[in-house]
Amino acid sequence: MSSSQPFHLSSPTAGGGVRKKSRFTYKHLQLLKQSATNCPLRVIALIDYDAFYAQCEMVRLGVGETQPLAVQQWQGLIAINYPARAFGLNRHVTVTEAKTKCPELVVQHVATWREGDDKWAYRADAAQHIQTDKVSLDPYRLESRKSLALVKEILPAPPVQKVEKASIDEVFLDLSAQIHHLLLQRYPELQYAPYDDPTELLPLPPSSALDWHADALVDLDHVEAEDDDPDWDDVAMNVGAEIVRHVRHTIYERLKYTCSAGIARNKMMAKLGAGYKKPNQQTIVRNRAVQHFLSGFKFTKIRNLGGKLGEHVVDTFGTDEVTELLTIPLEQLKAKLGDDTGSWLYGIIRGEDNSEVNSRTQIKSMLSAKSFRPSINNTDQANKWLRIFAADIYARLVEEGVTENKRRPKTVTLHHRQGGQTRSKQLPIPQGRKIDETVLFELAKTLLGQVIVDGRAWPCANLSLSVGGFEDGVSGNRGIDTFLLKGDEARAAMEPPPRSNTATPNSEDPRPEKRRRLNEASSIARFFARAESSGDPADELADDGHDDPSEEGEVENTQDGPHRPRHMDQQDITSYFCQECQQSLKETDRNEHEDWHLARELQAQEAPAVTGPANSRPPGHSVTKPKRGGIGTRGRGPKPEKGQSRLAFG
Ligand code: CTP
Ligand code: CA
Ligand code: CA
């Protein structure tokens, strides 16, 4: 490449002619090997499954690939396969409309939990049982895990492998280190820097055209030409595309799922690329194509600009076009939006995103919930649901390795909503004993008992149970038999503490020191360390700012919990209900909480949750706690991505 470079570097060749050099150096190759986020040769992929839940059902039911199929939840459709989309079906049509438009449509209701059964099941009459059933997305979660495990199996072992689960059907891959390895293997001249000087420019790659197979290539920026010689960033993308093609092929061979992928220099561009051509295709956004590609979008389509922040920018500058925003100088963006948001936005619309692909994603809490329409009115009714919540959470804990004591939660929390007010009660889970459904159920009943003692328990509009404060297990330290206690023994051994705290709804026990990797020097990190998002009620598939609303109460990769003092008597404090986290919070905490959502939104763009923002920000870009009310902070985080709007039920 590249005619867009400000200068052309030339050097004499042995034959005395003039040969252009790459604009990349041996140092850049070294950064590629380290998967450094500032490496200009970096290659990131996002894999997103096509019509995911629908494909899960197709595979489970063994229906043919061309058979139109939709997944139903109560009276709505939550996933529609591509053959059915050809009939004009989308998530907004009702089941009846869908069947009229496409008579051969197979409609499968999601699995549900039902009182009396100790396992979720597919039930023919589920749609009529919204009041007695609770949706289970376990089948899809299991498929999601299976395919994540396969992706990890296909790729080289860590640390070369960097895989981040982004939602139930999305995974980011940082392919940099693997590509580095393949480049050196294929182009041995890259192995040694002349004179051992890492600042030395690389030779240009062979000018033969790169084979992109059937991949979709985003058009180059206007100043670029297809017949310009490729540079190493193009070659790296090409190798990345080859790896992704192989991964997708293997997923299809082994699991029969098709997926689409975006391949680009960072997460944000990879995500945009993945949605460019669907189904079953992969799109490459070469560095020389980034600006052109982005210009085709309204900026409100960019991750984290879909919500209030995007709206605020539209209001401020009177446009939703990336191209128009590009003409606005940095200083003006900063003046109108604040330094941090301004600089962040300036980079984002230029395709800059240094956030890391973070493989250390671990579940931090699990939540099981049900909204009642009509409300429920007594303990018996509530206990039926508590039993289901306990079974649901336990099944997920088993998946998480709780039976082998790999990881276990420290606390259990009950949220109880009556009218606009939610009260939460929390208890520690007794350590050193086996956790099972009975233990969880007993704790839940104790917590409900506390709500009832406080008064005003009925009618109840929403109940949820969550576990949190996950810690790595201490297997081996305690006698194995204490983990095997069952039923009465377990209850006897448990001895719940005499009283619990009435916790603020979003409070948690302190987490292990080692998980606090947040950079203390960063004020935004400190800000984050004080708050957490947790629950998202299952039956409402609420969007909690996490990428996938369908995670149904499983909150992964969120920030560490707040380290607030626990309050003993808070049930009478006025609370407001945060739509974003589906939690009730103290009115006095409202501003701080809403600011936290904004900060989280910004950070999601810039930094992985666990490692903190400090190492993933472009140099010189410091993010501080957003100023209260500075920009559209009221209430909500980023909007769900396209097609992931909140589902309303009832
Ligand atoms: N989902 C949902 N409710 C929503 C949005 C998504 O239950 N409001 C579920 C869908 O059923 C879907 C999965 O989450 O299968 C992943 O969502 P997404 O990737 O947005 O859509 P897909 O159905 O996978 O379709 P696409 O091929 O466009 O990715
Ligand atoms: Ca998808
Ligand atoms: Ca998705």
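**Entry 1: Pro 205**

I began with Pro 205, which is buried at a relative accessible area of 7%. Buried means under 20% relative accessible area, exposed over 50%, and partly exposed in between, with a 1.4 Å probe and protein chains only. I noted that this is a predicted model, where local features need pLDDT of at least 70, side-chain atom pairs count only at pLDDT 80 or more, and totals for chains, interfaces and linings use all residues. Residues are numbered from 1 along each chain as its sequence is written, chains are lettered from A and ligands numbered from 1 in the order in which they are written, and side-chain values use heavy atoms, with hydrogens and water left out.

I placed Pro 205 in the loop between β11 (201-203) and β12 (216-217). Helices (H or I, at least four residues) and strands (E, at least two) are DSSP runs, numbered from the N terminus. What does Pro 205 contact, leaving aside its neighbours within four places in sequence? I found Pro 230, Asp 231, Trp 232 and Val 235. Contact means heavy atoms within 4.5 Å. Pro 205 and Asp 231 are 26 residues apart in sequence, and their C-alpha atoms are 6.2 Å apart in space.

**Entry 2: the whole protein**

I counted 18 helices and 23 strands. Of the 650 residues, 57% count as buried. I then looked at contacts between residues at least 6 apart in sequence: 72% of them join residues at least 24 apart. The accessible surface is about 26,300 Å², and 51% of that belongs to carbon and sulfur atoms. These areas come from the Shrake-Rupley method with a 1.4 Å probe; for residues, only the protein chains shown count as cover.

Next I opened helix α13 (residues 339-348). Seven of its 10 residues are buried, so the helix is largely enclosed by the rest of the structure. Among the buried ones are Trp 344, Leu 345 and Ile 348.

I looked up the calcium ion (ligand 2). Asp 48 (OD), Tyr 49 (O) and Asp 169 (OD) coordinate this ion at 2.1 to 2.2 Å. Donors are N, O and S atoms within 2.8 Å of the metal, or 3.2 Å for Na, K and Ca; water is not among the atoms, so sites may look incomplete. The donor spacing along the chain is D-Y-x119-D.

Why is the arrangement around the calcium ion (ligand 2) octahedral? Its six donor atoms subtend angles of 77 to 173 degrees, which makes it so. Six donors count as octahedral if opposite donors are over 155 degrees apart and all others between 65 and 115. Ideal angles for six octahedral donors are 90 or 180 degrees.

I moved to the calcium ion (ligand 3). Its coordinating residues are Asp 48 (OD), Asp 169 (OD) and Glu 170 (OE), at 2.2 to 2.5 Å. Here the spacing reads D-x120-D-E. Asp 48 bridges the two ions, which lie 3.5 Å apart. I checked burial: Asp 48 and Tyr 49 are buried, and so are Asp 169 and Glu 170.

**Entry 3: rings**

My search of the whole structure gave 11 aromatic pairs. Rings of Phe, Tyr and Trp (its six-membered ring) pair if their centres lie within 6.5 Å; planes under 30 degrees apart count as stacked, over 60 as edge-to-face and the rest as tilted. I took Tyr 53 and Tyr 140: their ring centres are 4.2 Å apart and their planes at 15 degrees, so the pair is stacked. Tyr 53 lies in helix α2 (residues 52-61) and Tyr 140 in helix α5 (residues 138-154), so the pair ties together parts 87 residues apart in sequence. Both tyrosines are buried. One aromatic cluster holds Tyr 49, Phe 52, Tyr 53, Tyr 140 and Tyr 257.

The charged end of Arg 60 sits over Tyr 122, 3.3 Å from the ring centre. Lys 267 lies over the face of Phe 172, at 5.0 Å from the ring centre. The test needs NZ of Lys or CZ of Arg within 6 Å of the ring centre and within 35 degrees of the ring normal.

**Entry 4: backbone**

Most residues other than glycine have a negative phi, and most peptide bonds are trans. I listed some exceptions. The bond from Pro 158 to Pro 159 is cis, with omega near 5 degrees. Pro 159 is in the loop between α5 and β9 (163-167). The bond from Arg 373 to Pro 374 is cis, with omega near 5 degrees, and Pro 374 is in strand β15 (residues 363-376).

Asp 196 has a positive phi of about 60 degrees and counts as exposed at 69% relative accessibility. Asn 280 has a positive phi of about 55 degrees and counts as partly exposed at 43%.

Key
Tetrahedral: all angles 85-135°; square planar, octahedral: opposite > 155°, others 65-115°.
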